[in-house]
Amino acid sequence: MATPPGADPAVVGPYLASALGHEKWRSVTVELIAAGMSNLTYVVTPEGGGPGEAVILRRPPTGAVLATAHDMAREHRVISALGPTPVPVPRTLHLCTDPAVLGAPFYVMERVVGVHVVSELPAGYADSPDQRRAIGDALVDTLADLHSVDPAAVGLADFGRPEGFLARQVRRWTTQWEATRDRDRPDLDALAARLAETVPATQRPGITHGDYRLDNCLLDPAQPGRIAAVLDWEMSTLGDPLTDIGMMFVYWPEAGERRPSTLSPVTTLPGFPTRLEVADRYAARTGTDLSDLNWYVGFAFFKFAAIIAGILARSAAGAMAGKDTSGYAERIGPCVELGRAALEDGAI
């Protein structure tokens, strides 16, 4: 097996033997299971051990990256803090802040066994509409549980700056778009300006995931209506929880829809709740007033369009080697229109 980049087994094994206090880690196999633009995820298994003994190691991408975008200590902190809460997260085992070990900070957590749904449900899993409805409801309820956690009660009172959060987010992504624009897009400029003019007041700040969606969760193999773990906390902060709903709706197509932001068509299958049903369930669970939800959905589409523009800019600069970005530019315009429709017409 080739040595995976960023996590040499000859280094990882002895380090874990010391850090975790057990000689079984002295010799390990390391398998890279998630790469790309996000943090790298590896399965580390002791030599001769089975899947049940494996752990997960997370580290930033190799090469030059912005430390603030791949803060391992921050990701480790929020997962550790949420451990005692109803939010399902893996149990953290160790944090290494010394970049001399693997070239960057990293952390280790338990490996949660679960079903990872990306573009389709596995054969034989959640075949009935009732089971799919249960998955949709569980996604909503888990997010509601997260947003109900008191940050101060779990040691996260200083995890972010919720005051002025929405206005800063609009400025941040507007700046991102202006720095990476592929061409003149007056509709995108107009959407950014309109969002800045209509920022709603945050009702109740809380812990936000930042990229909450189906494929950032693991489902219980035996019980589809149960979330086994919520993953990928690298964008979490203290802010406005409704930004999580807005972004989740970007990734939640309904039957008959073909959205440019659709990373997975799974929610179009019979049984999954509609976006309106998702909103109603969330409001009932949290008591949140969703009268400004259209703004959050509009902002989410604006942010998604800016992210695509950033990917195109990095691709043009030769920094996306191996990633096919063909067709990305054609996705920006439709996303902007969906953002405008949400903001101006209330079309969530």
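This briefing covers aromatic pairs, charges over rings and helix packing in a predicted model. Local features need pLDDT of at least 70 and side-chain atom pairs count only at pLDDT 80 or more, while totals for chains, interfaces and linings use all residues. Residues are numbered from 1 along each chain as its sequence is written, and side-chain values use heavy atoms, with hydrogens and water left out. Helices (H or I, at least four residues) and strands (E, at least two) are DSSP runs numbered from the N terminus.

**Aromatic pairs**

- The count comes to six aromatic pairs, where rings of Phe, Tyr and Trp (its six-membered ring) pair if their centres lie within 6.5 Å.
- Tyr15 and Phe106 form an edge-to-face pair, 5.5 Å centre to centre with 70° between the planes (planes under 30 degrees apart count as stacked, over 60 as edge-to-face and the rest as tilted).
- Tyr15 lies in helix 1 (residues 9-19) and Phe106 in strand 5 (residues 106-110), so this pair ties together parts that are 91 residues apart in sequence.
- Tyr15 is partly exposed at 23% relative accessibility, whereas Phe106 is buried at 1% (buried means under 20% relative accessible area, exposed over 50%, partly exposed in between, with a 1.4 Å probe and protein chains only).
- Trp295 and Phe299 form a stacked pair, with 5.5 Å between centres and 10° between the planes.
- Trp295 and Phe299 are both buried and lie four residues apart in helix 9 (residues 293-316), about one turn of the helix.
- One aromatic cluster is formed by Trp295, Tyr296, Phe299 and Phe302.

**Charges over rings**

- The charged end of Arg213 sits over the ring of Tyr251, 4.6 Å from its centre (NZ of Lys or CZ of Arg within 6 Å of the ring centre and within 35 degrees of the ring normal).
- Arg331 lies over the face of Tyr328, 5.1 Å from the ring centre.

**Packing around helix 9**

- Helix 9 and helix 10 (residues 329-345) pack at about 165° with axes 7 Å apart (axes are lines fitted to C-alpha atoms, for helices over the stretch in contact, and angles run from 0 to 180 degrees between N-to-C directions).
- Helix 9 and helix 10 are therefore roughly antiparallel (under 35 degrees is roughly parallel, over 145 roughly antiparallel, 65 to 115 roughly perpendicular and the rest oblique).
- Residues of helix 9 including Trp295 and Gly298 meet residues of helix 10, among them Arg331 and Gly339 (contact means heavy atoms within 4.5 Å).
- The axes of helix 6 (residues 186-197) and helix 9 come within 10 Å and cross at roughly 140°, and the two helices are therefore oblique to each other.
- Leu188, Leu191, Ala192 and Leu195 in helix 6 meet Trp295, Gly298, Phe299, Phe302 and Ala305 in helix 9.
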